[in-house]
Every structure is written in structure tokens, then in C-alpha cells.
Amino acid sequence: MDAIILQILNGLDKGSAYALIALGLTLIFGTLGVVNFAHGALFMIGSFCAVTVQRILSVSFKTVDPSKTDFLGNPSTYDTPYVVHWFGPEFGAGIIDWSVPLAILFAIPIMIAIGFIMERGLIKHFYKRPHADQILVTFGLAIVLQEVIKYYYGANPIQTGAPEVFRGSFDFGVLLGFDPNVIIYPYWRLVYFAFAAVIISAVFAFLQFTTFGMVVRAGMADRETVGLLGINIDKRFTIMFGLAAAVAGLAGVMYAPINAPNYHMGMDFLVLSFVVVVVGGMGSLPGAVLAGFLLGILESFASMTQVIDLIPGINQIIIYVVAIIVLLTRPRGLMGRKGVMEE
Amino acid sequence: MGILEVKDVNKRFGGLQALGNVNLSVADNTVHAIIGPNGAGKSTLLNCLVGKLIPDTGSVMFAGQSVLGRKPFEINQMGISRVFQTPEIFGDLTVMENMMIPCLAKRDGSFRMHAIESVLDEKALREKAESMLEEVKMLDKRNMHAASMSRGDKRRLEMAMCLVQEPRLLLLDEPTAGMARADTNNTIDLLKEIKARGNITMCIIEHDMHVVFSLADRITVLAQGTPLVEDTPENIKGHPKVREAYLGESA
Amino acid sequence: MFGLEKKDATLLLIVAVLTMCAPFILNPFPSDSGLAQFNAGYPDLMQRFVIFGIFAIGFNILFGLTGYLSFGHAAFLGVGSYSAVWMFKLLSMNVIPAILLSVIVAGAFALIIGFVSLRRSGIYFSILTLAFAQMSFALAYSVLTPITNGETGLQLSLNDPRILGTSISADGGIPVTQLFGIEMRSTYAMDVGPWLFQFNAGYYLCAILLLLAFYLSIRIFRSPFGLMLRAVKSNQQRMNYTGLNARPYTLAAFVISGMYAGLAGGLLASMDPLAGAERMQWTASGEVVLMTILGGAGTLIGPVLGAGFIKYFENIFSKINDNVLHQWFAFMPDGLEDFMVTIVHPFVGKGWSLTLGLMFMAVVIFLPGGLVEGGQKIGKLFRRKKAAEDTSPAAKTPAE
């Protein structure tokens, strides 16, 4: 029992990331009818927003300390981040420590802007082109974004720490009445899950309770009809694209402490997120979220040593196997509507 | 016993009864028209005949064999061809290539690997295709891209593609919809010619009564998924129930 | 000629002349001149041109004709490479059995994957093939290590139990791949004045196979089977209602293109007997998609052009470093020179992938028909100009 709970918990963080990326993919596919292969790159850019904010906050100036000398006899220098200098050692250091959560504020406008530019500048021209063209052009864009990041940040993963308070783990099992030291869970992963839950709820609430959301949902159901109503659906879809980009970006920001950002993380997550969308059902938002968590948890179960002993390598391929089975037996996915791109 | 026998066919979409106990018998070598107001189930019925839809209950027999459970391509190989409401042709290919495909399908069946021979070496089939094009007066357009033609030409091409297969039963879904008067008359003449050549049965769904009355041997009136009456054109014209359900409505 | 139309025969002849004379054509600059950096007549590069040409020709039979966009074709290339290396390890260093086995194994693999993937079309098909390829990649890295040698990649060793042949060559090294005694690596160098032309046995084997592959693809394009494949792309509904079963046609195309990929993989291993899982990664699949699109999907010559184009510029761009750039812009004033170097720097050397991505986007956006369409457009422009100058009525261009 405790092992099962532990695996479920372990699957939550990856599942959250899958769910958030898949949510954006589905929003874009459902509203704009575009298959966005560059969505993983948006997730990656989000992660690098966290890196950037941490770097900006850590920008320092050198001060010479004449009282100490290094081994050559020169006076030694030490770095003081400007932030510390301005806000005092305690508060300033705190800001740097909290740079990942602070990066959210930085990432939101940037991601929305990137989303707008992408939609207006590129995707817009591909609405009426075949899906193959959409896949190809966004695939090219994904390569470009990835290479730009690689150029400026290098090919190595960049460790980006969570705030001090959330580092380390706690004994989750005790809360549930298990013996101590059975279920140990890192704080930040729990934060990530909570964060994902908030974002997902916010998106759903937005779509459910605002007029804007209503129009978008109607558009997902039937694009042409909404167009006939004389509603400027295109403008709303641009905003939708920005929103989807922001969701992917935020997912990336908060994921930075879990997985040190690297330039190819976007591609890695994209392939899996696509599988998630397909399993959940093309165009179904609840399906995407559900499938994201399900597959994340399934993956973590498949990584258990007992399972690997039984079927070697299953942890590597479980998601693909599930996707293939789902596509062949229930092509519209878990919660997809009937008739949406079944053939 | 007709060539096409539809017995007690029912089809529901959710709560909607699209077809209710449809019985239809189409005699060999006749033109049978199916008319009815929008939403009467004409297209649903047609889709049940060609394997696109499977009826919930009932049977559809063609030349003594059941078509139910067969795929569209198998049903076509049995001898049923279909002309669509909006022309379905191979837009990326030339007119001649469009014609070669049904010829090959007729000769080679649903699948055959002719990967090394050239299409140009198929002399007999090419002649057959060309004479069919001649018949629909499109021989001069043989090298045109099918997608770049006018709607009327597209429909004539589609009809030629169906006819070159020499089907026993030809299903036509509003063959003159959206056509100019002259084109409509041409189509009527073409269909009359085909009919006169014999050995073909046609089933037409049509809104244009002029077309229906100049071609049909028998007419079935469908309303709300059920056949209202079936009779000869002369009797249908005067039938009070039909006037009420269909003609009266459109008048 | 060869049962081809005149136009196609001419095309085949041009490709034949180009590939056979490639060592001359690709080495136009004397080896001591500054422009020698643009030469491409090196055996390993020329081999890559034709091998990826074969790969792209095969991909085009699937994508160009049927419109089914596979994102997992590199898996077949990888499988072909592994099979070939195993053949070298177990049977003989002769490339013939290795290449045969790689084609057969890749074909069988394609049959299984195609059978499942082709039950769906459109984007679902793309994702299914992608999933299969990623699965193969993951397996090759982990569980299948006994067969694939995992991250290190499969290589020959001194204690391979080679049935027909020796484990160790006379000089104590690993034997090299050969074709009935002709070593694949053997190169005849010809000095003509300042020029150096290299004729490599392996390249000529690849080139002959490319010609065969190209010839076969022309035959397929012009055959009733090819017509059916184009019908699949154009209108599957009409195809069904014309009594044709689309699935065996697409499956046959998938298997054929998988075998082409296997051939390419087998040749890669024959030229350099090693195989790694990274050949199966989806970026590798993306590359062949790019080659085909860039050249012109659905055209005969396009994929070969695309493969040559990309492999050539990959080679050139990767070699360019800041020193070379400074040489290029040396004629400019200093400040401007540095500025230009800074601008160009991200796109060359290790930045080749960035250029590739940009090119990919540019082609899809502006030139969906690829280089072939671009060429045709320019050709038409010239013809129209000429016609206008002659003030004669424009000749009707025959529809393709």
C-alpha cells in the first residue's frame, strides 16, 4: 500500500508537467485546429525564464577587501549582488533565494508575448494549410527556438535551485498514518503539483465562467458556426494561443528545480505530451489533464524495480505502448468527442 | 424480385429516427427516384446502401447478396457505383488519370501490385477511358488538372468515372444540384442515353422535379424516414399525400 | 529507354552522369586555393550524399505519393545499420549479404509498424510512427543492449565469430568491409595539376545502388501502383467508392520506403561498420522529412536534390569558424567586419542546426513545393519573358 502511494506521488510531478503541456496543446488544437510541434519549446523557454531571472538577480559587483589577501598577495575581492546591496543582506538574499517563484511574474508577459508573435506572425498563415504543413513549420520553429537557447545558454543543464524552505524532503507517510521513513517526498514536488492544480483550475474556471471562455468553447465545438455569429473569433484565438503559451511557460518555470533546464528538454517533453493528448482525446481538455496524470503515474509505476525485473525496459516504453493500444482500440482517446479526427 | 431489395431498414442517430422501417424494391434496368423534403432520410438511406452507414436492423440485398457489413470498396466491386452530392474526384490528378483509376479497379480488383509496368502501356484501358470521355464530351480536357475544372465538368467527370466501371446499379445523389439549366438538360440527356443503352439500374435522389419526371420509371417519396408512397411518376404527380407532404411544402 | 518515357530517361541519365562524375564535379576548386573549402569531393561526404539520397527517395515514395507523413523513418535506417553490422560480425565482411539482410529486416520491421500505424491517417499516423520510433530508440538504448550495445553503439571487434572469413586480418587488425575483395575504403587518387580527384570504391557502390533505387522509384511513380498511391493522397473517399482498398496500397508503399531506409542504413554500416541508437532518434527522422520537402515532395528528383543540398551545406557550415568568417569579411572596415562576424556566427559551425531549422520554416512557408517548384517557377518566368519578347502567343504549357 505504501509503495503504491509512493509511486502515485512520484508520478504526480511529471504528470503535472504532462498535463499542463497537454492542456495547452489541446487548447491550441481545439480552438485553432493547429498541431503545434513547437509547444515543447515553449515549456523549455519557460524553464529558461527561471534561469534568466536567477542570473539577473545574481548580477553582482566586485568589492576589494584589503584586509585579506589571496595566495599571490593581492587583495582578495568578493562579489555582492546588487539586490543584496540595495535591499540589505537578509531581504536581498531572500529575493535571490526565491528567484524561481519570482520568475513567474517575469515569465507571464514574456510567454504571452511569444505566443502572440507566434500566432500572428506564423501560425495564422497555416490555418487553411494541411496538417502536415503545420507539423512541419512548427517542427522547424521548435528546432530554431531550441538552437537559439542552446546558443545563448550552452548545451549543459543549468542547475536552478528551489527556495531554501522547499529544498529537502518531508515524511509524507506519517501524515497518512504510515510508519515514519516509508514515504519520503520532496517539498518542491508537492509545490509543483499544487501549482499545476491551481493553473489547471484557473484555466477551466476561465473557460467556464467568462464570456470569452464560452465563445472559445463554442469555437472548439464548431468553428464555423461561431464565425457565422459575427464574433471576431480570430482575435480571441490569438489570445487563446497566448494563454496556452503562458501555461506551458509557467509549467516550465516551476519545473526548473526538478529538472535542470537544458535545451532539449522541450523536445523530450513534447513527444510525450503529444502522446498524452492523443490518449486523452484530441480536443478534450479534461481528457488531456486526466491522461497527463494517469500516464505520469503509470510511468512511475513502471519504474519500480519489481516491475522492471518482470518486464525489462518497460519504464522506457510504457507511455508509447499505452498510446498505441489506445489509438488502435479507442482512437478518439479516453474523453475525446466522437468524430473528432478519428480517421 | 428487384436487383436492389431494402427490407425493414431502421437507423437511429441518438434520439433521432433517421430511417423507420424502410422497404424499397428497385427493379432491374429501371430508373428509380427517391424524393422527399430535407431531412427525410434520403442521404442516410443512400449511405446505408453503399456501406458508409450500417443500419440498426433490416437487410439490404443487391443481386441476391447482402451488402451489410461489407466495406464501401467491396460493395463497389459488387457493381454499385455512387455519384456524390458534391463531386468527389481526384483533384490532384489529370482528367485522364482520374479515368484510369476506375478502369484499373474494374480490371484488377481492390488491390494489385502493378509497380513496375507503366500506366501508359495500358492501351486497352486507355482507349476505354478515352471513349468514355468522348461520350461525356470531355476528351479535349483529358490533360487538365481535375481540381481546376468547373463544377459542372467535375460532376460530368465523376459520372464518367462511375460509368466506365459499367456498374449494375448507379446511385446518384442530387446529380444536378447547383447546375445551370443548360447543364441540367445536358445531364438529363446523358442519363437518358445511358438508360437507353440498357443493362444499368439507376437510383436517383433529386430535388429538381423536372429531372425526376423526365427520367424516373418509379418514384418513392420519403418523409421523416419512412416511405410515404411508391408509384409511377404520373400517379405521384396527382397523389394528394405527396402534394401535402412534399410538393405543397415547396410550392 | 529502359521502358521509360523520354523525359524520365533523360532525368535518369542526368543523375547517372552526375553521380558517376561526382568526384570531378564536386571538386571544382584546386586543393591549394582558398575556395577549396567549398569542395565536396571527399569519399565520406560523397557517400553520405548518395546514401541519404536513397533514404529520401524511399521516404518520398511514402510521403510524396500517399501524403502519409511518417515521423519515424529513422528507425528503419537504424534497424538496417544494426542488421548489417551483425552480418559483418557473424557471416562475412562482404557487403552483399549485409545489405540484403538490412533491406529484409527493415522491410519486415516496416511491415509490422505499418500494419499498426496505417490503421489511422493524418496526424494520428504521424504520432503513431513517432511513438514507434521513439520506442525503438528507447529500447535500443536500454533493454536491447545485448543486440545494440546500448550507448556505445554496435562495433566490430577482434573476436567476432565470422563464419566466412577471419576474425583478425593478416596485420592483426579488424578486417575491413569489401565487395568480393574490393575494399570499400580503397580510394584511387588522381592528381591533375593542382586538383586532386578521389575515386572511392565504396562511393561507387553506393552510387550504383542510388541509380537502381532512383530507377525503381521512377518505375513506381509511373506505374498503376504509383497512380493508386497518388489517388490515396488526393481523395480516399472516392478511392473507396471506386472499389479500391487503400490500406494494402499504403502498406505496400510504407514497406517499400522502409526497405529503402534499410538499404541506406545497410550502406552506412558498409562504409563504416558501426551502428548507434542515435541514428533512430526522431531528429534523424525529421531530417529526412526536411530533405524531401526541401527538394520537393512528390517529385522524382526532389529528394535527391534535397539530400545533397542539406548534406553539402551541413558539411560547409559546420567547417566555418570565426577565422574563416574574418577572412570573408576582411574587405570591410574593421568595425563592420566584427559586426558581420557576430551576426553570422550563430548560424555557422555548431549553429548549423539553427540554419537548418530556419531553412525548414522558410521552405514550408514560401516554397511548399521545394527546390523543384522553385526551379519551375524561375523557368516559367524566363519562358514568359521570352514569349513576351517574341510577342508571339504564349505556348500552352502542358499540364504535368
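This is a predicted model: local features need pLDDT of at least 70, side-chain atom pairs count only at pLDDT 80 or more; totals for chains, interfaces and linings use all residues.
Biologist: How is the size of an interface often given?

Modeller: The usual figure is the accessible area lost when the parts come together. Here we count residues instead. In the A–C pair, 31 residues of chain A are in contact with 36 residues of chain C.

Biologist: Which helix supplies the largest share of the side of chain A that touches chain C?

Modeller: α6(A), with 14 residues. Helices α6 (131-153), α12 (265-280) and α15 (314-329) of chain A each give at least two. By class, that side of chain A has 24 nonpolar, four polar and three charged residues.

Biologist: What describes two packed helices?

Modeller: Two values: the angle between their axes and the distance between the axes. Take α4 (residues 74-90) and α5 (residues 95-117) of chain C. They pack at about 140°, with axes 8 Å apart. Angles over 145 degrees would count as roughly antiparallel. α4(C) and α5(C) are therefore oblique to each other. The crossing is right-handed.

Biologist: Which residues make the contact of α4(C) with α5(C)?

Modeller: From α4(C), they include Phe76(C), Val79(C) and Gly80(C). From α5(C), Leu101(C), Ser102(C) and Phe109(C) are among them. The contact residues divide into 13 nonpolar, three polar and no charged.

Biologist: What does UniProt list for chain C as "transmembrane region"?

Modeller: The unreviewed entry lists several spans, including 94-116 and 288-313. Check each against the model. Residues 94-116 of chain C are 96% helix, and their end C-alpha atoms lie 35 Å apart. Residues 288-313 of chain C are 77% helix, with end C-alpha atoms 15 Å apart.

How values were computed. Residues are numbered from 1 along each chain as its sequence is written. Chains are lettered from A and ligands numbered from 1 in the order in which they are written. Two residues are in contact if their C-beta atoms, placed from the backbone, lie within 7 Å. Helices (H or I, at least four residues) and strands (E, at least two) are DSSP runs, numbered from the N terminus. Ala, Val, Leu, Ile, Met, Phe, Trp, Tyr, Cys and Pro count as nonpolar, Asp, Glu, Lys and Arg as charged, and the others, Gly among them, as polar. Axes are lines fitted to C-alpha atoms, for helices over the stretch in contact, and angles run from 0 to 180 degrees between N-to-C directions. Angles under 35 degrees count as roughly parallel, over 145 as roughly antiparallel, 65 to 115 as roughly perpendicular and the rest as oblique. A crossing is left-handed if the near helix is turned anticlockwise from the far one by less than a right angle, and right-handed if clockwise. UniProt positions are given in the numbering used here, feature names are shortened, and annotations may be inferred rather than shown by experiment.
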